[in-house]
Amino acid sequence: MKSQRFRGVTRRTLLGMGSVTAFVAALPSQVWALATRPAPAFGATDVDTVFSVLGSTPKHSDGIVFSVPDIAENGAVVPVKIEIDDTVLPGVSKLYVLVEKNPNPLAAVFGVPENTRPYVETRVKVAQTCQLYAVAEADGQLFMVSRETKVTLGGCGG
Amino acid sequence: MASRIRIRAQLKGDECEVKALMRHPMETGLRKDQLGDPIPARFIEEVTVSHNGSTVLAAFWGAAVSANPFLGTRLQGGPVGDTVNVSWRDNLGETGEGETKIR
């Protein structure tokens, strides 16, 4: 009888522990995710303000491969691609795309969990010829590369 | 709503290439219509890509992403037949969703 009760209690305790473990195990997948939209960074009207909202001015890194067209015939649709060479820059958790002379430079933020390759492609609007920045956040530090895109809408060339 | 996102998920080696095309005007709120009245902002704020139900990419966008946005990314592995889901929500609370199988 006594051992029966003992076993019963152990089973309860184990069940309880199991659910706690499951809860804790579920947490890490939430940690990397951007919980909310970084509204102040999106509201900033120049690149320096975006960087100060994000924390610091990023350092240059060769680990970021940023592909943008040298000349964009239509500034409304400019394809951009960010790829991270993780042998140079490991542990990237966020990617940012900035367009210098847009009314709000920050165009997009991507939260990249561990099981996803730090690789994104999208298309952005570029108001006029200017620098485009790809910023990567790894271990709380910011890195970037910039490329210039000439916008030739209007037909006369940049 | 499902028809509003076109998705392709293709296994290439050990990576799965995901491409999604959403239908959305992506209005910045800065443009004016023919009468000179401002066109209200309407753009996708949040995009989530999930693989078999768990989030594999979370994106937050501003109005500077082009109309009918394209999103491409790469997931690690994923056998053929797994489900890839893309969903978005815009600043007016409208949502869209699309789903496909890896092939």
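**Cysteines and the contact between the chains**

Tutor: In this predicted model, Cys16(B) has a relative accessibility of 0%, and because buried residues are those under 20%, Cys16(B) counts as buried. Cys130(A), with a relative accessibility of 3%, falls under that cut-off and therefore counts as buried too. When the whole structure is searched, over all chains, the number of disulfides found is zero.

Let us now turn to the contact between the chains. Chain A contributes 31 residues to the contact, and chain B contributes 27. The size of an interface is often given as the accessible area lost when the parts come together. For chain B and chain A, this buried area is about 2400 Å², and carbon and sulfur atoms account for 54% of that area.

The interface of chain B and chain A holds two salt bridges by the rule applied. One of them joins Arg117(A) to Glu15(B), with 2.6 Å between the closest N and O atoms. On the side of chain B that touches chain A, at least two residues come from each of the strands β2 (15-22), β4 (54-61) and β5 (70-76) of chain B. Sorted by class, that side of chain B consists of 17 nonpolar, seven polar and three charged residues.

Definitions and conventions:
Residues numbered from 1 in each chain as written. Chains lettered and ligands numbered in written order. Predicted model: local features only at pLDDT ≥ 70, side-chain atom pairs only at ≥ 80, totals over all residues. Heavy atoms only, no water. Disulfide = S-S within 2.5 Å. Buried < 20%, exposed > 50% of the residue type's maximum accessible area, 1.4 Å probe, protein only. Contact = heavy atoms within 4.5 Å. Buried area = accessible area lost by both parts, 1.4 Å probe. Salt bridge = Lys/Arg side-chain N within 4 Å of Asp/Glu carboxyl O. Helix = DSSP H or I, 4+ residues; strand = E, 2+ residues; numbered from the N terminus. Nonpolar A, V, L, I, M, F, W, Y, C, P; charged D, E, K, R; others polar.
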